[in-house]
Each structure stands twice: as C-alpha cells, then as structure tokens.
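Thank you all for coming; I would like to take you through one model this morning. Please have the sequence and the coordinates open as I speak.

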Protein chains: 2
Amino acid sequence: MANQYERISTDLRHQITSGELAEGDRLPAETELAKRYKVSVPTVRQGVGVLQSEGLLEKQHGRGTFVRRQPTPVTRTNLRHQWEKDRARESESERLKTGATEHDTGLTVNDLVFDAKYDRVPASAELAAAFDVPEGTMLLERIYRTRHSDELTPFNVSRSYLPLELVEPNPDLLREDLEPWPGGTQNQLFTLGIELDRIVETFRARPPTPEETEELGLPVGVSVVILRKTSIDTTDRVVEISDVVLPGDRTEIVYTTKLDRW
Amino acid sequence: MANQYERISTDLRHQITSGELAEGDRLPAETELAKRYKVSVPTVRQGVGVLQSEGLLEKQHGRGTFVRRQPTPVTRTNLRHQWEKDRARESESERLKTGATEHDTGLTVNDLVFDAKYDRVPASAELAAAFDVPEGTMLLERIYRTRHSDELTPFNVSRSYLPLELVEPNPDLLREDLEPWPGGTQNQLFTLGIELDRIVETFRARPPTPEETEELGLPVGVSVVILRKTSIDTTDRVVEISDVVLPGDRTEIVYTTKLDRW
DNA sequence: GAGTGGTCTAGACCACTGT
DNA sequence: CAGTGGTCTAGACCACTCC
C-alpha cells in the first residue's frame, strides 16, 4: 500500500468485514490509533474518513468512533397503490384502521408521528409543465413529515401538490387539521369524483443538500433517494404530484411488473 | 458562520448555484483561495471537500478544481419488460435491430461496447434462497459490462444468474461468444419453452465499495444504485436473477403502475 | 475534569499535468 | 519547468459527552 491513510482504512475495513470489529463497537481514540499505526493524528482521521464515507464508521463528537449498524430498510412497494385504491371507497371505520405508511413499514399508528402543513403556492415552471397548466397556477401544497415516535428526525419528508381549483369543491381538503386523512389521497380524490388510472414514479439517488442532511439527520456518506409520484386519473389528467425525499440507506423499493400472456 | 471551512463552502456553493461559477469552470488554486479567504491551505481543502461530496466540485490532480457538469441521466423504465417480452418471439432479423439498453438510452448499437463473461458457480446461501434451490446448486453466471464507445469506464455492470440445469437443454446459451444475443434473456428463455409471468425489481442506494468506485470510475460522493431483477415464469418459478450496479448520478428509474378500474 | 472528536495552522515534500 | 492538487507532520485550542 502506497499511502499511510489507505493502509489504515484497508486494515480497519478488514477488521470490520471479518467481524473482528462488530457493529456498535467503539474504535480506539484517534491519538491511540496514531500511536498504533505510527502516524500523525490527521492521517488517522483521513483514513477513518474513508470508511465514514463508505458508511462503515460513524463518528460521535465527544464519545468516539463506532462501527456503524447497518439500518434495516423500510420497503416501499408499488402494490401499495392498488391497495390504497381498493380502500378508497371503504367505510370510514374501515379506512381508519391503518394507512399506507403503516402498510409499508409494518408499524402501527401509535409508533408513528405525523406532521402536515398546508399552503397555497403558485406553480413553478417545472410543476406547471408536469401538470400541463400555465406557470403560476395556484396549487395546494402539503408538506408531510413522518417519524418514529422514539426518534427525533423524520424518516421521510414529502411534498404533495394538487391544483387548487381541483380540490376547492370539497373545503375539508383544505384543512390540515383533518390530517391524517383516513384512506389517504386516493380517498380525498374519491370525494371529488376522481378515479386514478395509473401512477408513474420516477426516482434518482444523489448526495443530499445541506438542508436535507440536517432535516433527515443523515450520517456522512449517505445519499438521498428522490421519488416523484405522478397520479393520473381516468381522463389522462395529472391530478397529484408528490415528491418524497428518503434516506438512501434505509429505503428499499420493490416494483412488480406483471406481463401480458402470450 | 461559525467555521472557516463552512464559510468557504457556503460561499463557493452560492457562486455555483447563482451561476457566477459555471459548469466546467476552474476554481483558483488552493494557495490562491487560502490567501483570498485568509486561511491556511488545509482549511481551504476542507471547504472544497464538502462541495466535492455534494457532487458540485471535482478535483483533478495536477490540473485544478472544476465545477462539475451534472450528468444527464439514463432512464430505465419498467415498460422495457413488456417490450422485451413482445419481441422475444419475433424473427431474428427483427430482434437484431435493437436491444433493451439501446431502448433505454436512445443510443444505437454502434455507440455501445458490450462485454460478456460466462462462468459456472455454486449458488451462495443468498442466491439459493432466492431461487428456492439447495445451497451449492450450480448456476450459470453471466457478467455484462456496458460502456459508451468513447468512454473508458462502463456505465453499468450486471451479473445474471440462471440455474444451470434450466439452460443446459440449449447448449448455445452456454456460449459467451454468441453475445450480444438478439432479443436478450427473454428470447433465450423462449428457446427453452419458458414464458415470464412477472418481474420483481428491488433496489437500494448505498455508498460504493472501493471496487465499485474503481470499476465504474465514480467521483467522490456519488452513490451506487443496486437493482435486483427477479424473473418469474408462468409456473411461479424463479428462472433468472440479475444484479445491476448503476452509478447513482446517471440513473433515473421510471415505473408505471396501472390500476384496476372501479 | 478526563477523554473524545472538531477546527485550524504553517509548513514540508511528493505526484501529476501541461508547456 | 512551473503550477496544480495529494500526502503528511506536530502541534494548538475548542466543543462535546460522561462521570
């Protein structure tokens, strides 16, 4: 190995993958590692930084450097959409039982804390194009934050947009205090006489912005998954767009494509 | 701003997002930036490192630090599966015209360089579970690397697995020199009398391993998207598993879910 | 208060790129 | 060759955590 810091990072990586260092274990202090590898402290920090960006180590100021626990991912499937559609016409008592997030995570309502903020915003050029409406058309913006009740940071932040004109016939849909709405968006649309035909989801992974790092409490090296859900009704009209930011290391997405028979 | 390096990174970030520094522009040398911000060179490097991990800057040893060009993503849709299935029974001349990768990227066959390696491997515990066969069952492993003809590093690496017993009836399927096979895997399966019922794809984003960084030529801060495609035939049997590693910054995935009518 | 990581300095020397 | 980033040192002082 040519470099000192790579010598350190490959050695520590082997210790982790071999199990010599287990998940949650604390590493020796940086001064101690410097003595052990016969290098200066900044060089140790450089080597540790490599493993931090690989998601193998996590530093905690004042406490130490720890082998990171690989988080168990939350699975999100496209079966949820049909499941939600089937529920949209159920009775309120039936719809109250559970929501799509609980459906995905297997958690009950009590484990989740939910926060909704409603606002009216003019459509940006990009959203206007997606809705096929003039730029500046008023939209209902709804920002949702979902987190586990025993954690501080949300595990997802989502922004949903609906043309204001579309939802105005039902004033209840403008009230954020009625969230969480039993049966979700598809039931809300049902109250407007709207039936969905299909849902198009696009997504990408990219490094987080500083705001996202803070908001989601992301460790170094974890990227975010950006998911845009576009809901299209039976008249081929885009009725809702929802942008979700998910922590890349805790998210698994599963899609089933059913094929036509020969 | 409390820290010097954050002062530098936020200032440079503003210059980039405001357009004052355009894509491809070279930054002043680190010594020059140190003078300008009245800090030491390592502090400049720390600030630049932040933007590097956000994918905004790219360092090139001996040349300078540049504002990174945001790559145009390759889109991969689930419509390709039905498209491939429809083609699987076409004549060879029809199938020769184009492949699924070209379908996604919009490139012609001449722009793409394709490399296939076949091997026989025993099933790992994990693959055996996915195929529902005993551990150690022999599998045909096929490793594909696809790259643009004018670039050195592949833009994806994929590993495909098929139970060896399944493909042996057609010896041509064991010959890597017949790649690229016109019509792809679904046509290969068709020669065995196998029809696919559905395809389940799961994917996740995570930081790359050192090997992946090297193989895909990934810049700092870019994560990889891991996609596992499981093909299930009309008898509910898993017939192929394909693992693809994609550069997160160049990949966009689009899935359409068609909903049943009320 | 002891121990940890976080920020920062002011250099030295090496490796790579271009002319 | 000059100019660039890459590696590394040997410290100083600050901020956080836990006892």
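Helix 1 of chain A passes helix 3 of chain A in a right-handed crossing, a crossing being right-handed if the near helix is turned clockwise from the far one by less than a right angle, and left-handed if anticlockwise. Helices here are DSSP runs of H or I with at least four residues, strands are runs of E with at least two, and both are numbered from the N terminus. This is a predicted model, in which local features need pLDDT of at least 70 and side-chain atom pairs count only at pLDDT 80 or more, whereas totals for chains, interfaces and linings use all residues. Residues are numbered from 1 along each chain as its sequence is written, chains are lettered from A and ligands numbered from 1 in the order in which they are written, and side-chain values use heavy atoms, with hydrogens and water left out.

The axes of helix 1 and helix 3 of chain A come within 8 Å and cross at roughly 50°, with axes taken as lines fitted to C-alpha atoms over the stretch in contact and angles running from 0 to 180 degrees between N-to-C directions. That angle makes helix 1 of chain A oblique to helix 3 of chain A, because angles under 35 degrees count as roughly parallel, over 145 as roughly antiparallel, 65 to 115 as roughly perpendicular and the rest as oblique.

Let me turn to the DNA. Of the 21 residues around DNA strand D, Gln4(A), Tyr5(A), Ser40(A), Thr43(A) and Arg63(A) come nearest, where a residue is near if one of its heavy atoms lies within 4 Å of the strand. Of the atoms of DNA strand D within 4 Å of the protein, 78% belong to sugar or phosphate and the rest to bases.

As for polar contacts with the DNA, that is, pairs of N or O atoms within 3.5 Å, a polar side-chain atom of Thr43(A) lies 2.5 Å from a phosphate oxygen of DNA strand D.

Notes:
A polar contact is a pair of N or O atoms within 3.5 Å; within protein, one must be able to donate a hydrogen and the other to accept it, and residues adjacent in sequence count only if both atoms are side-chain atoms.
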